[in-house]
Structures are given as C-alpha cells and as structure tokens.
Amino acid sequence: MAKGPLDRLASLGEEVLDKASQNPAAHRILHGAMQLKDRVDDLSKRVRGLEQMEKRLSQLEKRLGKLEYAAKKKPPPAAKKTTTAAKKTSSGS
C-alpha cells in the first residue's frame, strides 16, 4: 500500500524528533524551553497575587481618604480648662 503525503510527512517528523532527542544541543534547548515555561507559569502566579494586593491597597486608600475627609470636616474637641491650685510649700527647717 502506498503512503500518502501526510503519512510520509508524519514519518519524517518522527525521524527528525528521534534524531533531535539524541542530539545534546537539541536536548539542552528543549530543557531550557521547559524551564522557561515553568518560570513563566510561576511569574503569572505572582502577577495574579500582585493584582489582588493592588485591589486591597485601593480599597484601603479609599477607606483612609474617607477617614481623612471626616477628620477635616469634624472640628477638633475643645480643650478642657483646668485650674491649678497654688502649691503649698513646706519649710523643712
């Protein structure tokens, strides 16, 4: 039975992959690509964590702004007036 063009291409691709897996340079490139994928995955997780932190920070800034506005709007409490009594001095002699 004659092989079609797709069968020949698949067979050729398998041969190339087999030879590439035995080549040390290709192995290093493949290993580096896999490490790069892992690093990108880790980085994307960190970025998602930063986005959550930015959202929380934004909420805290809004709360702080409301508190500062309320503090400026509200007059400070009046200071209590205290009277001081004259100190009695005792003579030690």
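Colleague: How many salt bridges does the structure hold?

Modeller: The structure holds two salt bridges. This is a predicted model, where local features need pLDDT of at least 70 and side-chain atom pairs count only at pLDDT 80 or more, while totals for chains, interfaces and linings use all residues. Residues are numbered from 1 along each chain as its sequence is written, and side-chain values use heavy atoms, with hydrogens and water left out.

Colleague: Happy with that. What makes Asp41 and Lys37 a salt bridge?

Modeller: Their closest N and O atoms are 3.2 Å apart. A salt bridge needs a side-chain nitrogen of Lys or Arg within 4 Å of a carboxyl oxygen of Asp or Glu, so the pair of Asp41 and Lys37 qualifies.

Colleague: And where do Asp41 and Lys37 sit relative to each other?

Modeller: Both belong to helix α2 (residues 24–73), four residues apart, which means about one helical turn between them. An α-helix has 3.6 residues a turn, so residues three or four places apart point the same way.

Colleague: Why is Asp41 called partly exposed?

Modeller: Its relative accessibility is 34%. Buried means under 20% relative accessible area and exposed over 50%, with partly exposed in between (1.4 Å probe, protein chains only), so Asp41 is in the middle class. Lys37, at 45%, is partly exposed too.

Colleague: Which residue does Asp42 pair with?

Modeller: Asp42 forms a salt bridge with Arg46, with 3.5 Å between the closest N and O atoms. These two also lie in helix α2, four residues apart, about one turn of the helix. Asp42 counts as partly exposed at 38%, whereas Arg46 is exposed at 56%.

Colleague: How do you know how well α1 is covered?

Modeller: We count its buried residues: among the 18 residues of α1 the count is zero, so the helix is hardly covered. Across the 93 residues of the protein, 0% count as buried.

Colleague: What span does helix α1 have, and what is expected?

Modeller: Helix α1 (residues 5–22) reaches 26 Å from its first C-alpha to its last, close to the 26 Å expected. The expected span is 1.5 Å times one less than the number of residues.

Colleague: Which residues make the nonpolar surface patch?

Modeller: Leu6, Leu9, Leu12 and Val16 make this patch of about 440 Å², and Val16 is found in helix α1. Patch residues have over 30% relative accessible area and no salt bridge; like charges are joined within 9 Å, nonpolar side chains (Val, Leu, Ile, Met, Phe, Trp, Tyr) within 5 Å.

Definitions and conventions. Accessible areas come from the Shrake-Rupley method with a 1.4 Å probe; for residues, only the protein chains shown count as cover.
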